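Trainee: Hi, I'm new to this one. Could you walk me through a couple of spots?
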Amino acid sequence: MPSRRTLNSFVSEAARRWPNRPALIEGNTGLTWAELDHTAGRVGATLVRFGAKPGDRVALCAEKSIQIIACIHGVLKAGCVCVPIDPASPAARVNAVLEDCAPAVIIGSSKMLRNLDGSFSAVRISINESVEGAQSLQEVMAVEPVSSMPSLGLTDLAYLLYTSGSTGKPKGVMLSHENVSAFATWAAVEFNLGLEDHVASVAPLHFDLSTFDLYSTAWSGAALYIPPGMHLSFPVRLAEWMAAQRISIMYTVPSLLAMIAERGDIRRNKLEQLRLLLFAGEVCPPRLLSTLLDLLPQVEFANLYGPTETNVCTFERIDREHWDRVSPLSIGVPCDGTRVLLIDDGGIAVDKKGIAGELWVAGPTVALGYWRSDKNDARFIQHDGIRWCRTGDYAEYDNDRRLVFHGRRDHMVKIRGQRVELGEIESALLSHAGVAEAAVLVVGEGLVAFVRQGSNRLSSAELQEHCAGRVPRYMVPAEIRVLETMPHGSTGKIDRVVLQRMAEYG
Amino acid sequence: MDDVEQFVIDYLRSRPLAGSRAVGLNGETRLMESGILDSLELMSLVSRVEQHYSFNLPEDEFVPENFETPHSIAQTIKRATSSRK
């Protein structure tokens with residue numbers, strides 16, 4: 001296990017070791033490690049000049065670009081905390097995150113800053129066009145770097161990553177420098193990243209997968225390539241881009257791999273330089289992986305597992321020779337320095353094959369907790385003198401003592417790798433004045449909502465539009481059924497079994 | 001406007017969230033820029049037209065310029081289905 005460093009040193013160390021090697025490439029432009037370090041230093045100096053102190057939050061809300069990634073490194077240099085926000089989120093959700101994290105500075109696209117609620121007092125920086133009331137990145141770049149940046153410790157807060165919250169409000173997962181650094185350095189060593197690697201940056205910056213892209217590359221000197229955003233919707237274009245840029249490594253969700261496998265014309269776009277595909281975020285169907293193994297015979301595949309609260313805590317390298325191409329993929333064994341337990345419903349540690357238990361994780365990647373939340377004591381617990389994260393996921397051991405994922409014990413689901421708390425969608429529906437009760441279920445690969453209307457007549461389209469103003473698009477149910485009465489069980493709770501049957505059988 | 005273009009417009013209007021975005025939707029509406037299509041909706045649309053017109057969209061036709069407007073999508077469908085015959 002390599003020694004860990006705080007994230008603010010990753011780029012400066014890369015600049016010292018490989019000043020003229022490419023760090024970030026986007027289209028025809030790019031930055032070397034020395035240039036990225038210089039740019040990030042000026043952003044950091046600006047934040048310090050604005051009075052931002054270590055621990056202050058800086059929200060970043062813009063499409064992925066060289067500029068916004070340089071800003072992330074600059075935020076860390078200033079000792080501040082990165083809060084990446086999905087620029088495609090509706091304004092209400094962006095505002096909910098901003099209210100919760102109370103940033104000292106907001107760095108965003110001009111479009112985002114123009115739409116921003118005027119009540120936020122934070123200093124604003126526009127990364128593209130100038131906006132009234134905001135500094136432009138050009139002005140920021142004119143600031144002389146300051147020689148004394150704050151020194152930081154491994155347990156200092158580096159990131160707040162917001163995920164779907166069951167109470168209707170997104171919740172911020174607090175990642176320390178050590179949390180991110182431990183994962184990034186483990187991944188760089190485990191998968192042997194090096195100067196010749198070209199890594200595709202396809203994970204959104206508000207998604208924990210992006211920490212591999214930003215920090216495993218900086219640790220190893222690999223170059224990070226940013227695809228045009230539109231390519232993520234058009235698999236052939238993405239595959240052509242990967243071939244042209246000689247991408248050797250990509251870390252993404254199985255949904256994107258499915259698009260590439262089915263419609264990426266891989267037989268023509270041979271992706272000969274690709275050597276490693278890492279995937280996480282959702283269960284990879286065996287059939288998809290089997291197809292990929294045939295299409296990409298030279299590529300190594302690995303299934304990485306872990307909720308945002310633990311980052312990656314277990315992993316499985318796919319064994320081409322021995323995997324039967326039918327069995328569910330194992331989530332493997334713990335990463336270096338990580339410990340896991342399976343705890344059954346009686347609170348007893350499970351040690352035998354075939355008995356499922358809740359997966360508990362301890363180690364350097366386990367998050368500091370939730371930001372300003374009363375859920376910490378339930379999720380992060382002391383047991384035998386060790387701090388554990390209860391993941392809420394069930395797993396069991398197989399014959400080889402590898403872990404097999406069994407599902408969730410609550411109402412959290414994954415849509416294209418993104419965490420979705422059904423409770424957050426239900427809260428969005430209940431915020432409509434005409435909705436008396438709401439329940440959201442997963443049917444097939446989509447979401448179906450049932451609502452009981454109050455006194456007003458409701459339409460499905462009206463409720464979908466209402467939801468779209470409050471939650472990201474992938475969380476808006478494809479179907480909303482309006483009921484006169486909602487089925488209830490004997491405890492008085494909404495009877496989800498009845499609703500599931502109604503959804504599946506009409 | 002022909003039947004294929006009308007089918008595409010009707011499908012897009014029927015989608016969740018089309019809502020206010022779909023007001024005034026016509027053959028020349030730019031779908032990505034207006035937010036009517038995103039990557040998820042695009043995959044749903046392609047699956048639906050393939051199913052309805054019983055064809056497989058060739059991979060080299062699944063490119064941004066063919067999905068800019070309902071009109072360009074209809075042209076793509078017609079090209080793909082006629083080359084199949």
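This is a predicted model: local features need pLDDT of at least 70, side-chain atom pairs count only at pLDDT 80 or more; totals for chains, interfaces and linings use all residues.

Trainee: At what angle do helix 1 and helix 2 of chain A cross?

Mentor: Roughly 140°, with the axes coming within 8 Å. Helix 1 of chain A covers residues 8-17 and helix 2 of chain A covers residues 33-49.

Trainee: And which residues make the contact?

Mentor: From helix 1 of chain A, they are Val11(A), Ser12(A), Ala14(A) and Ala15(A). Helix 2 of chain A brings Trp33(A), Ala34(A), Leu36(A), Asp37(A) and Ala40(A).

Trainee: How does that contact split by class, nonpolar, polar and charged?

Mentor: Seven of the residues are nonpolar, one is polar and one is charged.

Trainee: Is the crossing of those helices left-handed or right-handed?

Mentor: Helix 1 of chain A passes helix 2 of chain A in a left-handed crossing.

Trainee: OK, strands now. How many bridges join strand 21 to strand 22 of chain A?

Mentor: Five, and the two strands run antiparallel. Strand 21 of chain A also pairs in the antiparallel sense with strand 18 of chain A, over four bridges, and with strand 20 of chain A, again antiparallel over four bridges.

Trainee: What are the bridge partners of Ala395(A)?

Mentor: In strand 22 of chain A, Phe405(A) is the partner of Ala395(A), while Gly357(A) is also bridged to Ala395(A).

Trainee: Which residue has a positive phi in the hairpin of strands 20 and 21 of chain A?

Mentor: Asp384(A), near 55°, and that hairpin has two residues between the strands. In the hairpin of strands 21 and 22 of chain A, five residues lie between the strands, and Arg401(A) in the turn has a positive phi of about 60°.

How values were computed:
Residues are numbered from 1 along each chain as its sequence is written. Chains are lettered from A and ligands numbered from 1 in the order in which they are written. Axes are lines fitted to C-alpha atoms, for helices over the stretch in contact, and angles run from 0 to 180 degrees between N-to-C directions. A crossing is left-handed if the near helix is turned anticlockwise from the far one by less than a right angle, and right-handed if clockwise. Two residues are in contact if their C-beta atoms, placed from the backbone, lie within 7 Å. Ala, Val, Leu, Ile, Met, Phe, Trp, Tyr, Cys and Pro count as nonpolar, Asp, Glu, Lys and Arg as charged, and the others, Gly among them, as polar. Two strands pair if DSSP finds at least two bridges between them.
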